[in-house]
Amino acid sequence: MTNNAHHEADLGGFTVAAARAYAQRGRLEAWIHAYLLGGEWANAPLSSGLKLQKRWWRGPIEVNLDAVKRCCGPEREMEFRVDAAAWATRTHVLAQGFERLEAIPPLIAEYRDGVLSVRDGNHRHEAIRRKGWQTCWVIIWYNSESDFTQDAGRTRSLE
């Protein structure tokens, strides 16, 4: 874990509450990169890719699980196909360990023509579904200000 990730983790970890606290202080992007660069959920390539251009961020917000679409899994239509047995094992283990939705890092999704595509958290998405939970927490990134503005009506939460 990088020093920055240590610092961020010390300030609340990689939970929904921590992400919300950073968002309220206008530092959501700092939390996202700390999360992507540290701990068990690290995804350094995504962090690097996100830094290639300006992004607009919204969240974390609670949405219906069906409102976000996975891009990774064993299904034929997935953008990134993975071994079915490994997928089943990983998602089962995650689901068994999940006790509270708010303790799981929010999924990170890209807004693509009105669709929220999970770019980090595909295994978590499936584990949440296996738990029978109907909602998930998500942080959305937009590649343009116009997309961000167009999606401005998205609810902040289902609370």
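**Sheet, helices and salt bridges of the predicted model**

Five strands form an open sheet of mixed pairing, in the order E1-E7-E5-E6-E2. The structure described here is a predicted model. Strands of a sheet pair through backbone hydrogen bonds, in either a parallel or an antiparallel manner.

E1 and strand E7 (residues 135–142) run antiparallel and are joined by seven bridges. Within this pairing, Glu 62 has Trp 137 of E7 as its bridge partner. Helix H3 (residues 28–37) packs on the sheet, where it touches E1, strand E5 (107–112), strand E6 (115–120) and E7. The direction of H3 makes an angle of about 75° with that of E1. Ala 34 is placed in helix H3, and its relative accessibility of 0% means that Ala 34 counts as buried. Ala 34 and Gly 13 are separated by 21 residues in sequence, and their C-alpha atoms are 9.6 Å apart in space.

Strand E5 pairs with both E7 and E6. E5 and E7 run parallel and are joined by four bridges, with Ile 140 in E7 as the bridge partner of Ala 109. By contrast, E5 and E6 run antiparallel and are joined by five bridges; here Asp 120 in E6 is the bridge partner of Ile 108. The hairpin of E5 and E6 has two residues between the strands, and in this hairpin Asp 113 takes a positive phi near 50°. Because five of its six residues are buried, E5 is largely enclosed by the rest of the structure.

One of the buried residues in this region is Glu 110, with a relative accessibility of 10%. Glu 110 forms a salt bridge with Arg 112, in which the closest N and O atoms are 2.8 Å apart. Arg 112 counts as partly exposed, at 36% relative accessibility.

Helix H6 (residues 122–131) has Asn 122, Arg 124, His 125, Glu 126, Ala 127 and Ile 128 as its buried residues. H6 lies across E2, E5, E6 and E7 and runs at about 110° to E6. Just after H6, a positive phi of about 90° is taken by Gly 132.

Helix H5 (residues 84–97) comprises 14 residues, which at 1.5 Å a residue should span 20 Å; the end C-alpha atoms of H5 are 20 Å apart, in agreement with this expectation. Trp 87, Thr 91, Leu 94 and Ala 95 are buried in H5. These residues cover an arc of only 100° around the axis, which puts them on the same side of H5. The buried residues of H5 pack against E3 and H6. The face of H5 turned away from the buried side carries the exposed residues Ala 85, Gln 96 and Gly 97.

Salt bridges were examined next. The structure holds eleven salt bridges. Side chains of opposite charge can pair when their charged atoms come close. Glu 79 lies in the loop between strand E3 (72–73) and strand E4 (80–81), whereas Arg 119 lies in strand E6, so the pair ties together parts that are 40 residues apart in sequence. Glu 79 counts as partly exposed at 46% relative accessibility, whereas Arg 119 counts as buried at 15%.

The side chains of Arg 130 and Glu 126 meet at 3.1 Å, N to O. Both residues lie in H6, four residues apart, which corresponds to about one turn of the helix. Arg 130 is partly exposed, with a relative accessible area of 40%, whereas Glu 126 is buried, with a relative accessible area of 5%. Arg 130 and Glu 126 also belong to a network of salt bridges that links them with Arg 70, Glu 75 and Arg 129.

Terms used: Residues numbered from 1 in each chain as written. Predicted model: local features only at pLDDT ≥ 70, side-chain atom pairs only at ≥ 80, totals over all residues. Heavy atoms only, no water. Buried < 20%, exposed > 50% of the residue type's maximum accessible area, 1.4 Å probe, protein only. Pairing = 2+ DSSP bridges. Contact = heavy atoms within 4.5 Å. Axes fitted to C-alpha atoms, helices over the stretch in contact; angles between N-to-C directions. Salt bridge = Lys/Arg side-chain N within 4 Å of Asp/Glu carboxyl O. Expected span 1.5 Å × (residues − 1). Arc of directions from axis to C-beta.
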